[in-house]
Each structure stands twice: as structure tokens, then as C-alpha cells.
Amino acid sequence: MNYSPAFNNFGTVASAPDYVRAEFIRKVYNLLFSAILVTVVSGYMFVQPGLLQAALAMRGLLCILTFVTIFAMMFTRKMSGANLFCYYAFAVLQGALIGPLLYFVDKYAPGIPLQAGIVTIGVFGGLSAYAF
């Protein structure tokens, strides 16, 4: 995350003035919404016939890579650019893990995963829009 000078002048965001807190909330909700969108889109991509079989065959590797990206995020939390790369790589990996699972859920409860994805994107999109 690219820390703006306004964030560096205060010990915590809670003790910062209102305009700094508002900027912080906007940045957090934008990152959260974009990561959820990336997860939903990559989850949809990984339920396509060719990628579904690959994701199922490599789910152990995907789990290991997920933990690797968690640790990478811890080590790159103050490196602008690298931390965002790790964050979105984690979102893609979560989509690759959750997508095939939702494919099988969709077989037993048709339409429920799609509705859940639409509601999730709608809620966080609305919260992000409200933050502006």
C-alpha cells in the first residue's frame, strides 16, 4: 500500500483527523472490493471445463501457494507494489480454490453460488460507493 504523508503524521488512524480517516476508509474499501471482484472472476474462470480439471488436480499445490502468499504479504507489507501483487495473487488463489467447490455446490443447489456472488459484490460495491 502506498502510504500517503497524511497517514505518517499520526500514530494511528483513530487519532487522525476526519479527512485522514475518510481517506483511509476509502482506500480500504476499494482494496477489499477489488479483491472480492478478482476472487469472484477468477473463481468463475476456474469452473470452466479445462481449468476445472487442472484446479482439482492441483488443489494441494494451490493450498500451499495460498500459505506462501500469506507469508509473502507479511514480509512485503511496507513495500509498495509488491504488497499489492501478493494481495491480488492471494485473491486469485482463493478463487482457484473456491471456484471448483462452488461448481459442485451448484450441482446440488443450482443458482445459489451465483446469487451469493452477486450479493457479495453488490454489498461491498455499495459500501465502497458509500465510502466516496
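The model is a predicted one, in which local features need pLDDT of at least 70, side-chain atom pairs count only at pLDDT 80 or more, and totals for chains, interfaces and linings use all residues. Residues are numbered from 1 along each chain as its sequence is written, and side-chain values use heavy atoms, with hydrogens and water left out.

The protein chain has six helices and zero strands, and its pattern along the sequence reads α-α-α-α-α-α. Helices (H or I, at least four residues) and strands (E, at least two) are DSSP runs, numbered from the N terminus. Along the principal axes, the C-alpha atoms fill a box of roughly 50 × 30 × 15 Å. Of the 132 residues, 23% count as buried; buried means under 20% relative accessible area, exposed means over 50%, and partly exposed lies in between (1.4 Å probe, protein chains only). The chain exposes about 8,500 Å², with carbon and sulfur atoms supplying 74% of it. These areas come from the Shrake-Rupley method with a 1.4 Å probe, and for residues only the protein chains shown count as cover. Among contacts with a separation of 6 or more, 68% join residues 24 or more positions apart.

The largest nonpolar core has five residues, namely Phe46, Ala55, Leu62, Leu93 and Ala96. Such a core is a set of buried Ala, Val, Leu, Ile, Met, Phe, Trp, Tyr and Cys residues joined through side-chain atoms within 4.5 Å. Not counting residues up to four places away in sequence, Ala96 touches Ser42, Phe46, Ala55 and Leu62. Leu93 is also touched by Thr66, whose partners beyond four places in sequence include Phe90, Gln94 and Leu97. Thr66 sits in helix H4 (residues 59-75) and is buried, with a relative accessible area of 7%.

Tyr103 lies in helix H5 (residues 82-108) and is partly exposed at 30% relative accessibility. With residues up to four places away in sequence set aside, Tyr103 touches Val47 and Leu52. The C-alpha atoms of Tyr103 and Met79, 24 residues apart along the chain, are separated by 36 Å.

Turning to charged pairs, the count comes to one salt bridge, defined as a side-chain nitrogen of Lys or Arg within 4 Å of a carboxyl oxygen of Asp or Glu. The side chains of Asp18 and Arg21 form this bridge at 2.4 Å, N to O. Both residues lie in helix H2 (residues 18-45), three residues apart, about one turn of the helix. Asp18 is exposed at 56% relative accessibility, whereas Arg21 is partly exposed at 32%.

Technical notes. Contact = heavy atoms within 4.5 Å.
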